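Thanks, everyone. Please have the structure up on your screens.

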Amino acid sequence: MESMKSKPRDGNGSDLSEQIKTATKDSHVRAENTQLMLNYQKGQITQTQYKLLLCSLYEIYRALEEELDRNADHPAVQPIYFPQELARLESLELDLEHFFGPHWRTRITVPAATHRYSQRLREIGENSPNLLVAHAYTRYLGDLSGGQVLGKITQKSLGLSGSKGILFFSFPGVSSPNRFKQLYRSRMNSIELTEQQRQEVLDEATRAFEFNIEVFDDLQKMLSITEEASSEYHKVQNGMEILNAQDSYHLAFVCLGEKGNDAASKPQPKTFSNSPMLQFALGVGITLATVGMGVYAF
């Protein structure tokens with residue numbers, strides 16, 4: 001492995017944490033101003049939106065934490081490896097179980113952007129573990145900084161009680177977020193990197209934000225498509241019977257892994273080929289399953 005050494009001091013700030021902050025400033029602002037995040041900050045979040053977000057966060061953190069665990073002794077990873085304080089996977093699993101039930105693993109659905117993000121994490125974990133520093137920093141410190149606020153917004157918007165469903169935002173192993181972030185930055189700044197390796201970490205940090213932006217945008221597209229489809233089910237088609245709200249919800253989200261009542265308990269048309277409404281519903285389902293951005297169910 002290439003020998004690591006500190007980069008010479010320069011005028012742009014010598015600390016890796018400060019350099020990452022500077023390098024990702026524009027991407028950070030763009031991530032905060034995606035439609036999904038703007039709605040979230042305004043408290044305009046539905047349970048469906050939150051559940052889809054949890055699915056993507058689970059897939060991202062599963063890849064990140066498995067790679068951090070596997071590379072815990074790597075010289076670039078060891079200084080910023082804090083599984084007891086920062087690990088999110090168990091909390092996400094409990095949140096998903098709260099919303100989806102004991103068989104939640106069969107209901108995980110994520111867009112293509114999430115799949116690309118997790119694939120990138122596994123790729124660098126295998127070939128360039130020092131780049132995990134960029135993803136750990138942008139994810140953990142971002143969630144630690146905004147976790148309390150977003151957790152309260154989620155709790156209020158969804159009418160949740162206690163910590164059920166919002167454990168992701170809680171860091172019980174961190175008594176003082178500000179002091180811990182100082183410790184984390186100090187540990188990260190102590191990592192010895194060549195000039196080339198440092199630049200690669202900075203580039204990867206920007207890439208991490210771009211991945212998040214793509215995930216947020218893809219989730220918003222998924223939500224827009226399913227909301228439009230659900231709306232269409234309420235319209236009268238040539239005198240056909242209007243599907244009730246529960247039927248339309250089940251049909252619109254069946255390709256997204258949502259819960260629904262057993263279709264056998266619903267009134268069924270006599271013939272499939274002569275039912276315009278069922279043909280339309282099937283068409284929407286196929287569209288959802290093959291929409292350009294892609295949907296991955298794990």
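Residues 1–12 stay under 50 in pLDDT. The model still has 26 contacts for them beyond four places in sequence. Residues 236–298 are also below 50. That stretch has 94 contacts in the model beyond near neighbours in sequence. Where pLDDT is low, the predicted coordinates should not be read in detail. And this is a predicted model throughout. Over the protein chain, the pLDDT averages 80. At least 70 is reached by 71% of the residues.

Next, helix α6, residues 89–100.

Which residues of α6 are buried? Leu89, Ser91, Leu92, Asp95, Leu96, Phe99 and Phe100. They cover an arc of only 155 degrees around the axis, so they sit on the same side of α6. An α-helix has 3.6 residues a turn, so residues three or four places apart point the same way. The cover over the buried residues of α6 includes α4, residues 47–70, and α8, residues 132–158. After α6 comes Gly101, with a positive phi near 90 degrees.

Last, the cavity. A search of the whole structure finds one of 30 Å³ or more. The largest cavity holds about 30 Å³ of space. Its lining is Leu36, Tyr40, Gln44, Ile45, Gln49, Tyr50 and Leu53. Helices α3, residues 35–41, and α4 each supply at least two residues of that lining. The largest share, three residues, comes from α4. And α4 is also among the elements covering the buried residues of α6.

Definitions and conventions:
Residues numbered from 1 in each chain as written. Predicted model: local features only at pLDDT ≥ 70, side-chain atom pairs only at ≥ 80, totals over all residues. Heavy atoms only, no water. pLDDT = per-residue confidence, 0-100. Contact = heavy atoms within 4.5 Å. Helix = DSSP H or I, 4+ residues; strand = E, 2+ residues; numbered from the N terminus. Expected span 1.5 Å × (residues − 1). Buried < 20%, exposed > 50% of the residue type's maximum accessible area, 1.4 Å probe, protein only. Arc of directions from axis to C-beta. 1 Å grid on protein atoms, 1.4 Å probe; cavity = no way out; pocket = protein on both sides within 12 Å on 5 of 7 lines; lining within 4 Å. Points joined across faces, edges and corners; volume = space filled by probe spheres on them.
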